[in-house]
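Hi,

Here is the structure I said I'd pass on.

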There are 2 protein chains.
Amino acid sequence: MADGPQDIEDLIGLLSKLPGLGPRSARRAVLHLIKKRKQQMIPLADAMMRVGQSARECLNCGNIGTSDICKICEDDRRATGEICVVEDVADLWAMERSGVFRGRYHVLGGTLSALDAVGPEDLHIPKLIDRVTSENVTEVILALSATIDGQTTAHYIADQLGHVTVTSLAQGVPVGGELDYLDDGTITAALRARRSL
Amino acid sequence: MADGPQDIEDLIGLLSKLPGLGPRSARRAVLHLIKKRKQQMIPLADAMMRVGQSARECLNCGNIGTSDICKICEDDRRATGEICVVEDVADLWAMERSGVFRGRYHVLGGTLSALDAVGPEDLHIPKLIDRVTSENVTEVILALSATIDGQTTAHYIADQLGHVTVTSLAQGVPVGGELDYLDDGTITAALRARRSL
């Protein structure tokens, strides 16, 4: 017995594997939970079990939900002919939080990467090409990271989709951003894409 | 629907209440868990439910375990006549990790605090006084924080326990500590308690 009983040690071990938590913060979280076990620990365990058993990927777009087809894909009002392509579900949720995009999504599940040996067949790119045809898509918006891998992926997808409009998010100064703190690449991109006021 | 379905939102909300996690890191952790639901999420929910249902405070010392009397209090080899008084279960576990103390513990559950209106009756001080008599204790070691409240509590306990030896942890330079980074109070304490080599 290093610290507490085995059950508690096991729980700390499992919790410390979460991103953003280490052994110390996991121990702190477990002690906090044990002190509030009726109000917090049992409901949390319960909610986690429920999501663990019901969560699944949408067969159409790759979003995470509790049914085979997610709410966005089921909603006919979102069949706007626009598909926003994102790397990951976290990016989809970030787009949804902004509330500005009213079309549907497609989650790639990563980016092409020569270093990590991720090829087109490892991402959901064939499915995207299918959807462009079957859902009468007129515009594919690429909301991928502004990294080398993200941009490689964007160019690859644009090559595959010759027959529809392919756009990507604008690059420039973030809202609230100060020039002094921006990197050279962003300033260059923002200057090149300057607009008349 | 802000992000995902309600069940997932609820889980993020509950997880974000843990110390060290906020809404963003909770969302990240939940996405991570959903991706590994068989290997990580179900076992974590299971372990949490098990601990939530079995964890309890030791009726004797206040340590957290899965039985009414914790393993340390049950172990006769640890009836050394020494009781180490700590503020919190986390402190007890920290002492146990060092592995150097072979007696028993007593968890106060906090420190006296005029500002937060914590009086002696709110801590487990009467129980400590009982134990000193009933367990033939010869030395009470105060392992309390070196804060004003911690030291106030230490002095109060020492006053109540006139008939046994009351000691406290040494103050000084931490192992691996550099003088340049130490505060004045620690240097003063270390100099006053200097020892001949």
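Below is what came out of going through the contact between the chains, the cysteines and one threonine.

Before anything else, keep in mind that this is a predicted model.

**The contact between the chains**

Chain A and chain B bury about 5300 Å² between them, and 75% of that is on carbon and sulfur atoms. On the chain B side, the residues that lose the most area to chain A are P19(B), M48(B) and W93(B), which together make up 13% of what that side buries. In residue terms, 54 residues of chain A and 53 residues of chain B take part in the contact.

Which parts of chain B supply the side that touches chain A? Quite a list of elements gives at least two residues each, including helix 1 (6-15), helix 2 (23-35), strand 1 (56-57), strand 2 (64-65) and helix 5 (89-98). The largest share, 16 residues, comes from helix 3 of chain B. Sorted by class, that side of chain B has 30 nonpolar, 15 charged and eight polar residues.

**The cysteines**

How many disulfides does the structure hold over all chains? A disulfide is a covalent bond between the sulfur atoms of two cysteines. In chain A, the closest cysteine sulfur to that of C61(A) belongs to C73(A), and at 3.6 Å it is too far for a bond; the cut-off is 2.5 Å. C61(A) is buried, at a relative accessible area of 2%.

Over in chain B, C73(B) is in no disulfide either, and its nearest cysteine sulfur, in C61(B), is 3.6 Å away. C73(B) counts as buried because its relative accessibility is 8%, and the limit for buried is under 20%.

**One threonine in chain A**

Is T153(A) buried or exposed? With a relative accessible area of 0%, T153(A) is buried. T153(A) sits in helix 7 of chain A, which covers residues 148-160. Leaving aside residues up to four places away in sequence, T153(A) touches L108(A), T111(A), L112(A), L123(A) and L144(A).

Cheers

Notes. Residues numbered from 1 in each chain as written. Chains lettered and ligands numbered in written order. Predicted model: local features only at pLDDT ≥ 70, side-chain atom pairs only at ≥ 80, totals over all residues. Heavy atoms only, no water. Contact = heavy atoms within 4.5 Å. Buried area = accessible area lost by both parts, 1.4 Å probe. Helix = DSSP H or I, 4+ residues; strand = E, 2+ residues; numbered from the N terminus. Nonpolar A, V, L, I, M, F, W, Y, C, P; charged D, E, K, R; others polar. Buried < 20%, exposed > 50% of the residue type's maximum accessible area, 1.4 Å probe, protein only.
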